[in-house]
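Q: Can you walk me through this model? I'd like to start with the strands.

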Amino acid sequence: MLDHVTIRVSDLERSKAFYDTLLAPLGITRLYADGESFAGYGAGRRAFFWIGLHDGAVTGTHVAFAAPERDAVDRFHAAGLAAGGRDNGAPGLRPHYHPDYYGAFLLDPDGHNVEAVCRAAP
């Protein structure tokens, strides 16, 4: 079981603005900062997704966030595009993953593939 995930970013302020907007439709907000190098996002009082400033090479990562309903996936995708993300898969069913797998994919400012997925039937 995972406790948290951290991805590297090249510009912390740009990435905070992106993830603040992107994750809001899923009820995930920025909860903590660790100096000027890290920011933690979560729900309630626990951060489970962290971004950290790194001056070296940034590698592509894929992180999927659970969405409570399909509409939240749609809002996640729209928010990510508005925040400067690049489309990497519009909202829709992905039945090759699972019959009720409804997801959307974006590339963040550093090229990480971020996804929202709802597995609930309509």
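A: Start with β6 and β7 (residues 102–107), which run antiparallel and are joined by five bridges. Strands here are DSSP runs of E, at least two residues long, and helices are runs of H or I, at least four long, numbered from the N terminus. Two strands pair if DSSP finds at least two bridges between them.

Q: Before we go on, where does the model come from?

A: This is a predicted model: local features need pLDDT of at least 70, side-chain atom pairs count only at pLDDT 80 or more, and totals for chains, interfaces and linings use all residues. Residues are numbered from 1 along each chain as its sequence is written, and side-chain values use heavy atoms, with hydrogens and water left out.

Q: OK. Which residue in β7 is the bridge partner of arginine 86?

A: Leucine 107. Aspartate 87 stands opposite leucine 106, also in β7.

Q: What about β7 and β8?

A: Six bridges join them, and they run antiparallel. Phenylalanine 105 stands opposite glutamate 115 in β8. The two strands form a hairpin with five residues between them. Glycine 111, in that turn, has a positive phi of about 90°.

Q: In what order do the strands of the open sheet come?

A: The order is β5-β8-β7-β6, and the pairing is mixed. The edge strands, β5 and β6 (86–93), each pair on one side only. From one strand to the next, the twist averages 15°.

Q: Which helix packs on that sheet?

A: Helix α2 (residues 70–82) does, touching β5, β6, β7 and β8 (113–118). Contact means heavy atoms within 4.5 Å. The direction of α2 makes about 10° with that of β7. Axes are lines fitted to C-alpha atoms, for helices over the stretch in contact, and angles run from 0 to 180 degrees between N-to-C directions.

Q: How many residues of β7 are buried?

A: Six of its six. Buried means under 20% relative accessible area, exposed is over 50%, and partly exposed is in between (1.4 Å probe, protein chains only).

Q: Which ones sit on which side?

A: Tyr102, Ala104 and Leu106 are on one side, with Gly103, Phe105 and Leu107 on the other. In a regular strand, side chains alternate between the two faces of the sheet.

Q: New topic. What do β2 and β3 form?

A: A hairpin, with three residues between them. β2 (residues 29–34) and β3 (residues 38–43) pair in the antiparallel sense over five bridges. Aspartate 34 has phenylalanine 38 as its bridge partner in β3. Glycine 35, in the turn, has a positive phi of about 65°.

Q: And serine 15, is it buried or exposed?

A: Buried, with a relative accessible area of 0%. Serine 15 is found in helix α1 (residues 12–23). Leaving aside neighbours within four places in sequence, serine 15 is in contact with Val9, Tyr41, Ile51 and Asp110.

Q: Last one. Which strand gives the most to the lining of the largest pocket?

A: β5, with four residues. By class, the lining has nine nonpolar, one polar and two charged residues. Ala, Val, Leu, Ile, Met, Phe, Trp, Tyr, Cys and Pro count as nonpolar, Asp, Glu, Lys and Arg as charged, and the others, Gly among them, as polar.

Q: What does pocket mean here?

A: On a 1 Å grid over the protein atoms alone, a pocket is an open set of points where a 1.4 Å probe fits, with protein on both sides within 12 Å along at least five of seven lines. Lining residues have an atom within 4 Å of a point.
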